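The model comes first, then the notes.

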Amino acid sequence: MTELTLVWVALPFLLAFTTYLMPALTRPSLVGMAALTVAYAVQQGGLPGTTAAPLELQLLDHFGVTLRIDANGAAMLLAHGLVTLGVALYLDRRFAGSRFLAMQLLIVHGSANAVVISADLISVYVSLEVLSIGVFLLLTYGRRAEGQPTVEENAPHRDRQLWVGLRYLFMSNVAMLFYLMGAILVYVRTGSLAMSSLTMADPTALALIAVGLLAKGAIFVAGLWLPLTYVTADPVVAAVLSGFTTKAGAMALVRCSEASPVLAQGLPYLSAGSAVFGILLALMASTPQHLLAWSSVSQMGFVIAAPQWAGLYGLAHGLAKPLLFVGTSVSHRWRWPMLLLGSASLAGVPGSLGYAAKALSLSALDPWHEWLLVGVTVGTTCLGVRVLRAPVSRMKGATTSATPWQDKVALVLWGGGLLWGWLPAAYGADNLLKALLSLGVGIPLGWFWERIPLKGGSVNEGLEAVVGGLSIVLVLVWALLAVGNYGTLP
């Protein structure tokens, strides 16, 4: 199994570089790699309701590389495979530049896989940096569908894409600089880069590491970069970002919290802050794309709420959001199944994977945290109603007015995954009551909220605000962890 794991980790990068020499193999390589990741994730217990013994590989000594594939990692690997497989189907001849995008997707796919299975600080750093470069290229590469303006005709949008991509890259570099400084402080104090050494780290090192991962995971105010990035990106690229790349930072944060009791003690407060911050701004958003983007910031609070269910929640959200981003950008008759399935899972309708993930996560929380997130779920249901009632997109990025077979296969992959939600432990009377309560309040509220005229755009998402937000979060997290280190949080 060790040899198979190492081959699977290295294969996406090898395929990406090989396809530069043999371009005809690009798309088959992407589809094959995604299918291999799905099979590996299933073998490691990634399917909901299945279990497998964690696999840990100590490749070097305590200075080197450690890989760990546990339940959270396997579930996220399943999300990586399914999202990549669905997106790969869209990169056909209708789109200019799909071959280059497929190459970058291979690198992004491999980097995200490496992040969620890395169990040492330096491997997480390297993987996240490579992931950032791949995402930057996906964001900025000029891509158009048949019938859309040429790159020259579409110059203003192209310039905006380039600026947002550079903004993402700058934010990412600043965040990872914080992370690297924290990792060095841990090494100076403990002589090791293993995550287990975080138990002896001081609050300053923990705060630096946490802020870097909060920014990469778009959690709380550190996620200010996310809405404009998602809205500017092509809907298919937004599906990749919302499907798994943004969650890589959150999953690394969860893994660090499993090794550090101080960080674990502060995680519920970061979860609550992100959930409330994101849902309030999502409710004020005036377009479906902005609404979905701010909703992602809120949902990242749910992902980190209960570390033992982080992978399951990441899988549910990772399958729902691509359906919603792609569904809001198309006009054919498969638009409604996409929006209905995605909204139902996000709102936690019983029978969906989103319900199971939400119910199990909420059951593991303290009462104050649990009921706060139940209240946020009411807002999420309200957002689902608003997305369903939104007019059909007329923007130039609308994929097509026909119903290509790729859309149908993607719907089966993502939507079928959302219906795989029968987990008996999630169907207790208390969980069903909370779900019905949030749906019963959220659906009428969504119909009423839609009639309120909203101006939107009240939050500054400029580069200065993004970097300033990171500084504020650094101070807040340091204070939170310092209290947790020397005292007891309320």
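Which residues do ring pairs link into a cluster? Phe-220, Phe-277 and Trp-294 are the residues joined in this way. The model is predicted, with pLDDT of at least 70 required for local features and 80 or more for side-chain atom pairs, while totals for chains, interfaces and linings use all residues. Residues are numbered from 1 along each chain as its sequence is written, and side-chain values use heavy atoms, with hydrogens and water left out.

**Aromatic pairs**

- The whole structure contains 9 aromatic pairs; rings of Phe, Tyr and Trp (its six-membered ring) pair if their centres lie within 6.5 Å, and planes under 30 degrees apart count as stacked, over 60 as edge-to-face and the rest as tilted.
- Among them is the edge-to-face pair of Phe-277 and Trp-294, with 5.8 Å centre to centre and 85° between the planes.
- This pair links distant parts of the chain, 17 residues apart, with Phe-277 in helix H10 (residues 261–284) and Trp-294 in helix H11 (residues 288–303); helices (H or I, at least four residues) are DSSP runs, numbered from the N terminus.
- Both Phe-277 and Trp-294 are buried, where buried means under 20% relative accessible area, exposed over 50% and partly exposed in between (1.4 Å probe, protein chains only).
- Phe-302 and Tyr-313 form a stacked pair, at 5.6 Å centre to centre and 15° between the planes.
- Phe-302 lies in helix H11 and Tyr-313 in helix H12 (residues 310–327), so this pair ties together parts 11 residues apart in sequence.
- Phe-302 and Tyr-313 are both buried.

**Charges over rings**

- The charged end of Lys-358 sits over the ring of Phe-302, 4.4 Å from its centre; the criterion is NZ of Lys or CZ of Arg within 6 Å of the ring centre and within 35 degrees of the ring normal.
- Arg-335 lies over the face of Trp-336, 5.0 Å from the ring centre.

**Cavities and pockets**

- There are 7 cavities of 30 Å³ or more; on a 1 Å grid over the protein atoms alone, a cavity is a set of points where a 1.4 Å probe fits but cannot get out, and a pocket is an open set with protein on both sides within 12 Å along at least five of seven lines.
- The largest cavity has a volume of about 100 Å³, a volume being the space filled by probe spheres set on grid points joined across faces, edges and corners.
- Residues lining the largest cavity include Tyr-355, Lys-358, Thr-377, Asn-431 and Lys-434, where lining residues have an atom within 4 Å of a point.
- Helix H14 (353–363), helix H15 (367–389) and helix H17 (429–450) are the elements that give two or more residues to this lining.
- The second largest pocket has a volume of about 300 Å³.
- Of its 21 lining residues, Gly-45, Gly-49, Thr-50, Ala-71 and Trp-309 are the closest to its centre.
- Helix H3 (71–88) supplies the largest share of the lining of this pocket, 3 residues.

**Two buried residues**

- Arg-255 is found in helix H9 (residues 235–259) and is buried, because its relative accessible area is 9%.
- The side chain of Arg-255 makes a polar contact with the side chain of Asp-70 at 3.1 Å; a polar contact is a pair of N or O atoms within 3.5 Å, where within protein one must be able to donate a hydrogen and the other to accept it, and residues adjacent in sequence count only if both atoms are side-chain atoms.
- Gly-342, in helix H13 (residues 335–347), counts as buried because its relative accessibility is 0%.
- Leaving aside neighbours within four places in sequence, Gly-342 is in contact (heavy atoms within 4.5 Å) with Ala-320, Leu-323, Leu-324 and Leu-418.
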